[in-house]
Amino acid sequence: MFRSRLILAALSLAAALLGLGLSGRAASAEPYSQVVDNATRGRFEAPGWGTSSWNDGRYGKDYRYARPARKAKPARYRVRIPATGYYTVYARWPADRGYNAGTRIGVSTVDGLRWVRVNQQRNGDRWNRLGVFRMKAGDRFYIRISRRAKGGKYVIADAVKVVRGKVGGGAGGAGITGYHILKEARTWLGVPYRYGGESREGVDCSGLTMKVYEKFGIKLPRTAHDQYHSGPGRKVSRDALRRGYLVFGHADGGSGIEHVGILTGDGRMIHAPAPGTVVRYDSVPAGWYNIVGVKRIVPPR
């Protein structure tokens, strides 16, 4: 009898712990968003910035403005991030030809501060998606608007919004650089080559590039040919072997686009070469590999 009670107690405890685990996972998946306006008490600061309610495209009763200045303090928004993970970040401003076309907005991520440049002469009175960022749990000043902008037109600080998860945005990738691409590509080193593969059990050259960029919300076509000719990004000089760029080509005896790799910026690439090999580093250009083209999808740094 005593033994039976012990077994029942153990089962009950296991069920309770399982329930807690499930509820914890469910909680982390719950929808979450937060809006911080320049007038939100305790969550905004902008030393030296002016206040105006002149433009009807504002969010709330007013907004903040300032002339560009290299050494001036930024406007900062304090945001609560409930759990470390990916969040989609938006910003809002009233539109006017007198505002700055190169305003810089910074987002604090687990990898450091990432900057996005926006044109505040356009898309006013709406939420503008800055991108998807991996952010650390906390309640601090995660978002800032810099006064370091070109020209003399006003920089505007109105409202920001964060939404848990990767939301919309087409090609995505705002705030992502070659540093992030290369960091993710290194996690695939040693994965065996498998024609048509798209997983860590086996991957081919274009499957590798597709999965690496996919992690950051950037959708590439499935084949190397299509990634070069119709995928996101722009073609650059074949000498622009920068970190995170894609390099396309073919082996000796081939033609056209038959292969793709991810450039490391130090004269090498990470790629899935051929059957019987694994994802690895190789020099580029190499004697056996002929470069046809290079493509920039994200900035190198």
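Arginine 268 and aspartate 266 form a salt bridge, with their closest N and O atoms 3.1 Å apart; the term covers a side-chain nitrogen of Lys or Arg within 4 Å of a carboxyl oxygen of Asp or Glu. Arginine 268 is partly exposed at a relative accessible area of 30%, and aspartate 266 is partly exposed at 49%. Here buried means under 20% relative accessible area, exposed means over 50%, and partly exposed lies in between (1.4 Å probe, protein chains only).

The model is predicted: local features need pLDDT of at least 70, side-chain atom pairs count only at pLDDT 80 or more, and totals for chains, interfaces and linings use all residues. Residues are numbered from 1 along each chain as its sequence is written, and side-chain values use heavy atoms, with hydrogens and water left out. The average pLDDT, the predictor's confidence in each residue from 0 to 100, is 86 for the protein chain, and 86% of the residues score at least 70. Over residues 1–28 pLDDT stays under 50, and the model has 2 contacts beyond four places in sequence for them; a contact means heavy atoms within 4.5 Å. Where pLDDT is low, the predicted coordinates should not be read in detail.

The protein chain has 4 helices and 20 strands. These are DSSP runs numbered from the N terminus: helices (H or I) of at least four residues and strands (E) of at least two. Of the contacts with a separation of 6 or more, 70% join residues 24 or more positions apart. Buried residues account for 45% of the 301 residues. The chain exposes about 15200 Å², of which carbon and sulfur atoms supply 51%; the areas come from the Shrake-Rupley method with a 1.4 Å probe, and for residues only the protein chains shown count as cover.

Helix H2 spans residues 178–186, and its buried residues include Ile181, Leu182 and Glu184. Among the elements that cover the buried residues of H2 are strand E8 (112–118), helix H3 (205–214) and strand E18 (268–271). Glutamate 184 is buried at 10% relative accessibility, yet this residue also takes part in a salt bridge with arginine 200, where the closest N and O atoms are 3.2 Å apart. Arginine 200 lies in the loop between strand E13 (198–199) and strand E14 (202–203), and glutamate 184 in helix H2, so the pair ties together parts 16 residues apart in sequence. Arginine 200 is partly exposed, at 43% relative accessibility.

The whole structure holds 12 salt bridges. One of them joins the side chains of glutamate 45 and arginine 76 at 2.7 Å, N to O. This pair links distant parts of the chain, with glutamate 45 in strand E2 (residues 44–45) and arginine 76 in strand E5 (residues 75–81), 31 residues apart. Glutamate 45 is partly exposed at 30%, as is arginine 76 at 25%. Arginine 76 also lies over the face of phenylalanine 141, 4.3 Å from the ring centre. For a charge to sit over a ring, NZ of Lys or CZ of Arg must be within 6 Å of the ring centre and within 35 degrees of the ring normal. The charged end of arginine 67 sits over the ring of tyrosine 154, 4.0 Å from its centre. Salt bridges also link Arg43, Arg78 and Asp139 in a network.
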